[in-house]
Amino acid sequence: QGILRRASVPRGSLVSRSPFAASFQAMSRMARAQHVQVACICIFSAIGSFLFGLDMGYIGPIIEDSKFKRDVAYLVDWDEPGSEIDSATSGFIVSVFALGCMFSAFPLVSGFFLDTLGRKVSLMIGSLIFMVGSIVQAASSSVAVMLVGRFISGCSIGVLSTVVPLYQSELAPPHLRGGLTSLHQVMVVFGVAIASFADALLLPLDDGWRLAILIPVVPGLVLFVGMFFLPRSPRWLVQRGRQDEALRVLQSIRDGEGARSELQEIILDQEHGKASGEMRWGDLLSGRVVRLLAVGIVLQLLQQVTGINMFVSFGPRIFQSLDLDASFLQTLLTAALFVATLPALYFIERFGRKSLLLCGAVGMLLPNIVMAVVGMIYMPQENGKIEVLSNTAGSAIVACVFFFAISFAYSWGPATWVYCAEIFPLKVRGYCVGLTTMAEWTGVFIVNQLTPTM
């Protein structure tokens, strides 16, 4: 609790009252232009998060698509309404993506990308790997090839989901850092929503599922090309001993005095890290760092164990089991997720990270209790099939799903990423962020693998 409290923004501060309005009122025209430039950089780099959302959003409807069952799973009864890929296979098609993410988020791998290659180059390489994975998936003619493509795409997202919030937090000014880092989650949910709309439009076509998987190649290419023109992280430049370059980057996005002051802070942080010696694995298991790491790992793991991916990845199957319009409700759910994430850009600074997490936890707990009680009373299960005894009960479940998703979207969705991007010392930041992100993908794998069998 002490760690969480220190990371929160004081309510009485000017930033707490209105971070964007207050800062814009008190700055010169040049400073405003620099803030707009930083915002544009953070938005553009969040295309990496958008790719994550696209991949997570399109797969649920695709594994329920009859043409996919015909072309990849080779089901004999692929065109019959009750036809389903077996639970273990459908769960692994979804969750193998998380295994790729876990591999590339592992500190020995992510640390190489973040600390050796740098944030900018990591974004570029991640986008290239993602395009390869998407092409392999779209060209697949068997479950095995599909799994390979999903794993490759997962490897790219493991890198991108680690580097995007870190890159954003290191370029954003301190008083806007929470809001701009929240763009990571906003773009993830935006990608999920766009993927759902694309599925609704394309899946009726004969090879529509292949087209839906190929769509993310376009933003992947845009990210790769665009990153040539964006700056490197000033913190990474200082780590590599390139202080003059770091100052030039800071001067392009801060006023002159602010740039020099921030550079000195980064240098002091770096010198403090050097004074304590080279980074060792033991450093992660001692002192304040291990407490921070425990907070980050628990937050990222709990973010997924809440079950949000159960509705994002398997929403169509859940809604279909309730005898409802699965495609329409899934599209509406992802749109609600996106809209509900937008207030987090303001809430994260106005109310603080801890307050959002507490409110979101209560907001998710209540509908979960209602769904559990209603499900046990009105929805008995026989031979793997759910029998809905009351239309009102089905409507109540849907309402609770939406309430749950909205509560997650403005709170646990963005707040966990902001925490993990800003609480670690520079010396161990790359490794710690990699471990917390790995915990995130462990949760994703568990939820996606177990959901179809439950």
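**A note on helix packing and cavities**

1. Let's start with a helix pair: α7 passes α10 in a right-handed crossing. Please keep in mind that this is a predicted model. Helix α7 covers residues 87-105 and helix α10 covers residues 143-171. Their axes lie 6 Å apart, and the helices pack at an angle of about 40°. An angle of that size makes α7 oblique to α10.

2. Who takes part in this contact? On the α7 side, the residues are T89, F92, I93, V94, V96, F97, L99, G100, C101, F103, S104 and A105. From α10 come V143, M146, L147, R150, F151, S153, G154, C155, I157, G158, V159 and T162. Sorted by class, the contact of α7 with α10 holds 16 nonpolar residues, seven polar ones and one charged.

3. A second pair to look at is α19 with α25, the latter spanning residues 429-450. The axes of these two helices come within 9 Å and cross at roughly 50°. The two helices are therefore oblique to each other. As for handedness, α19 passes α25 in a right-handed crossing.

4. Which residues of α19 and α25 meet? From α19 they are N309, M310, S313 and F314, and from α25 they are V444, V447 and N448. The contact of α19 with α25 divides into four nonpolar and three polar residues, with no charged residues.

5. Now for the cavities. How many of 30 Å³ or more does a search of the whole structure find? The search finds four. The largest cavity has a volume of about 140 Å³.

6. Two or more lining residues come from each of α5 (47-63), α12 (183-202), α18 (287-305) and α19 (308-321). Helix α12 gives the most to the lining, with four residues.

Key. Residues numbered from 1 in each chain as written. Predicted model: local features only at pLDDT ≥ 70, side-chain atom pairs only at ≥ 80, totals over all residues. Heavy atoms only, no water. 1 Å grid on protein atoms, 1.4 Å probe; cavity = no way out; pocket = protein on both sides within 12 Å on 5 of 7 lines; lining within 4 Å. Points joined across faces, edges and corners; volume = space filled by probe spheres on them. Axes fitted to C-alpha atoms, helices over the stretch in contact; angles between N-to-C directions. Parallel < 35°, antiparallel > 145°, perpendicular 65-115°, else oblique. Left-handed = near helix turned anticlockwise from the far one by under 90°. Contact = heavy atoms within 4.5 Å. Nonpolar A, V, L, I, M, F, W, Y, C, P; charged D, E, K, R; others polar.
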